Amino acid sequence: MNLVFLGPPGAGKGTQAKRLSQELGLLHISTGDLLREAVRNKTDLGLKAKEYMDRGELVPDDLIIAMIEEVLPEGGGVIFDGFPRTIAQARALDDLLQKKGLTLNAVIYFEVDDEKVVERLSGRRVCKTCGAVYHVKFNPPKEDEICDKCGSPLIQREDDKEEVVRNRLRVYRDQTAPLIDYYRQKSLLYTVDASKDIDQVYSSLREVIDAKERN
Ligand code: AP5
């Protein structure tokens with residue numbers, strides 16, 4: 001199965017993708033995580049991407065598409081989290097899958113309003129070492145500011161500061177939201193109410209995926 005997780009920043013795409021990929025044995029490809037790794041490693045891509053990411057702008061399509069081409073496995077079985085984010089990226093994904101003889105089975109749209117997004121992103125904490133994601137209120141670590149999984153300190157992402165979040169929301173509306181119609185027209189779009197709590201969102205997601213698997 002090949003799935004796209006679409007939705008505004010902070011909708012919970014990464015949280016749900018981690019859980020679903022483990023349960024179904026799918027590869028979780030998060031363009032945000034790949035870019036942050038490139039920034040940490042100061043690769044050419046990382047150096048180019050950083051200025052866009054710090055401002056909450058999208059990294060240019062050609063860089064993103066080349067990165068996806070590198071990591072997409074021959075046999076598929078992927079959750080794309082945070083990709084595609086523009087119509088050009090969506091078309092490139094269509095071509096890439098077609099070349100490999102793969103199909104996109106569903107696009108899950110995580111629908112949530114801006115107020116919730118700001119609340120979720122302002123409380124998000126991530127592990128510096130292993131990348132685990134927490135929320136100070138909705139998914140707190142057992143020990144304050146320390147990762148449950150590896151014991152490293154938790155930090156706030158630079159782009160989770162409020163003014164950058166507001167810009168990410170604007171960018172989402174202008175450049176990414178048109179994908180909702182793009183995939184609806186292809187009859188691939190399934191909407192999940194992402195305003196509920198983490199377990200409820202996961203149940204709704206499983207209902208969609210289980211129904212797809214039965215068909
Ligand atoms: P990226 O890392 O993809 O950021 P994003 O899409 O803005 O998504 P987030 O990671 O912010 O949110 P999420 O939906 O995964 O939410 P999460 O599960 O963490 O991209 C970062 C940057 O990289 C972009 O701005 C851009 O510059 C660049 N980039 C990446 N991909 C690109 C592309 N394809 N093209 C061009 N540029 C690209 O949850 C958020 C918080 O809420 C957490 O604290 C979590 O614990 C909590 N939470 C989750 N679910 C719930 C719930 N149901 N109830 C309560 N709390 C919840």
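Predicted model: local features only at pLDDT ≥ 70, side-chain atom pairs only at ≥ 80, totals over all residues.
Ser 187 sits in the loop that runs between helix 8 and strand 8 (189–193). Its phi is near 55 degrees, a positive value in a residue other than glycine. Glu 145 also has a positive phi, near 65 degrees, and is likewise a residue other than glycine. This residue belongs to the loop between strand 6 and strand 7 (154–155). With a relative accessibility of 34%, Glu 145 is classed as partly exposed, because that class covers values between the 20% and 50% limits. A further backbone feature is the cis peptide bond between Phe 83 and Pro 84, for which omega is about -5 degrees. Pro 84 is placed in the loop between strand 3 and helix 5. For context, most residues other than glycine have a negative phi, and most peptide bonds are trans.

The ligand is surrounded by 36 residues, and the closest are Thr 15, Thr 31, Glu 57, Arg 124 and Arg 168. By class, this shell contains 15 nonpolar, 10 polar and 11 charged residues. At least two shell residues are supplied by each of helix 1 (13–24), helix 2 (31–40), helix 6 (114–122), strand 6 (133–135) and helix 9 (198–214). Helix 2 gives the largest share, with 4 residues.

In the side chain of Lys 13, an N or O atom is 2.9 Å from an oxygen atom of the ligand. For Arg 85, the distance from a polar side-chain atom to a ligand oxygen is 2.8 Å. An N or O atom in the side chain of Arg 124 is 2.6 Å from an oxygen atom of the ligand. Taken alone, the ligand exposes 1000 Å², and 97% of that area is buried by the protein.

Thr 31, one of the closest residues to the ligand, lies in helix 2. Its relative accessible area is 3%, and Thr 31 is therefore buried. Apart from neighbours within four places in sequence, Thr 31 is in contact with Ile 64, Met 67, Ile 68, Asp 81, Gly 82, Phe 83 and Arg 85.

Leu 72 is found in the loop between helix 4 (61–71) and strand 3 (78–81). Leu 72 counts as buried because its relative accessibility is 6%. Residues up to four places away in sequence being left out, Leu 72 touches Ile 29, Val 78, Phe 80, Leu 96, Leu 97 and Lys 100. The C-alpha atoms of Leu 72 and Leu 27 are 9.1 Å apart in space, while the two residues are 45 residues apart in sequence.

Helix packing was examined for helix 5 (residues 87–99) and helix 8 (residues 178–185). These helices pack at an angle of about 35 degrees, and their axes are 10 Å apart. From helix 5, Ile 87, Ala 90, Arg 91, Leu 93 and Asp 94 meet Pro 178, Leu 179, Tyr 182 and Tyr 183 of helix 8. By class, this contact has 7 nonpolar, no polar and 2 charged residues.

Notes
Residues numbered from 1 in each chain as written. Heavy atoms only, no water. Near = heavy atom within 4 Å. Polar contact = N/O pair within 3.5 Å; in protein donor to acceptor, adjacent residues only side chain to side chain. Areas by Shrake-Rupley, 256 points an atom, 1.4 Å probe, with all protein chains shown as cover. Nonpolar A, V, L, I, M, F, W, Y, C, P; charged D, E, K, R; others polar. Buried < 20%, exposed > 50% of the residue type's maximum accessible area, 1.4 Å probe, protein only. Contact = heavy atoms within 4.5 Å. Axes fitted to C-alpha atoms, helices over the stretch in contact; angles between N-to-C directions.
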